[in-house]
Amino acid sequence: MHSLTLIGIVLGAAVIATDHLIRRIPNWLAILLYSIAVVLCIAGMLISRQAR
């Protein structure tokens, strides 16, 4: 697993945990952070696929 993929998964999990357990995150910020997490996951998958 590429480090970008791992960072994306951790970011998505952190957004969920923060939103549910600590404090509500504004919708615009949650959407932005989820979008960044998805981009990181996809970029990590593409980079690891090209490295093979």
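Predicted model: local features only at pLDDT ≥ 70, side-chain atom pairs only at ≥ 80, totals over all residues.

Visitor: What kind of pairing do the side chains of D19 and R24 meet in?

Guide: A salt bridge, at 3.4 Å from N to O. Side chains of opposite charge can pair when their charged atoms come close.

Visitor: How many salt bridges does the count come to?

Guide: One.

Visitor: Is D19 buried or exposed?

Guide: D19 is buried, because its relative accessible area is 18% and the cut-off for buried is under 20%.

Visitor: And R24, buried or exposed?

Guide: Exposed. R24 has a relative accessible area of 59%, and exposed means over 50%. So the bridge joins D19 and R24, with D19 buried and R24 exposed.

Visitor: Which element holds D19?

Guide: Helix α1.

Visitor: What does D19 touch, leaving out residues up to four places away in sequence?

Guide: R24 and I25.

Visitor: Let's go to the other end of that helix. Where does T5 lie?

Guide: T5 is also in helix α1, which covers residues 3-22.

Visitor: Buried or exposed, T5?

Guide: Buried. The relative accessible area of T5 is 7%, against a cut-off of under 20%.

Visitor: Which residues does T5 touch, again skipping those up to four places away?

Guide: There are L40, C41, G44 and M45. Helix α2 spans residues 27-51.

Visitor: What about S3? Where is it placed?

Guide: S3 is in helix α1 too. At 44% relative accessibility, S3 is partly exposed.

Visitor: How far apart are the C-alpha atoms of S3 and G44?

Guide: They are separated by 6.8 Å. Along the chain, S3 and G44 are 41 residues apart.

Visitor: Now the surface. Which residues form a nonpolar patch?

Guide: M1, L6, I9 and V10. Together they have about 440 Å² of accessible area.

Visitor: Tell me about I9. Which helix is it found in?

Guide: Helix α1. I9 is partly exposed, because its relative accessible area is 44% and that class runs between 20% and 50%.

Visitor: Zoom out. How many helices and strands does the protein chain have?

Guide: Two helices and zero strands.

Visitor: What is the radius of gyration of the protein chain?

Guide: 12 Å. A compact globule of 52 residues would come out near 10 Å.

Visitor: What box do the C-alpha atoms fill?

Guide: Roughly 40 × 20 × 10 Å, along the principal axes.

Visitor: What share of the residues is buried?

Guide: Buried residues make up 19% of the 52 in the protein chain.

Technical notes:
Residues numbered from 1 in each chain as written. Heavy atoms only, no water. Helix = DSSP H or I, 4+ residues; strand = E, 2+ residues; numbered from the N terminus. Buried < 20%, exposed > 50% of the residue type's maximum accessible area, 1.4 Å probe, protein only. Contact = heavy atoms within 4.5 Å. Patch = residues over 30% accessible without salt bridge, like charges linked within 9 Å, V, L, I, M, F, W, Y side chains within 5 Å. Areas by Shrake-Rupley, 256 points an atom, 1.4 Å probe, with all protein chains shown as cover. Salt bridge = Lys/Arg side-chain N within 4 Å of Asp/Glu carboxyl O. Rg over C-alpha atoms; globule rule 2.2 N^0.38 Å.
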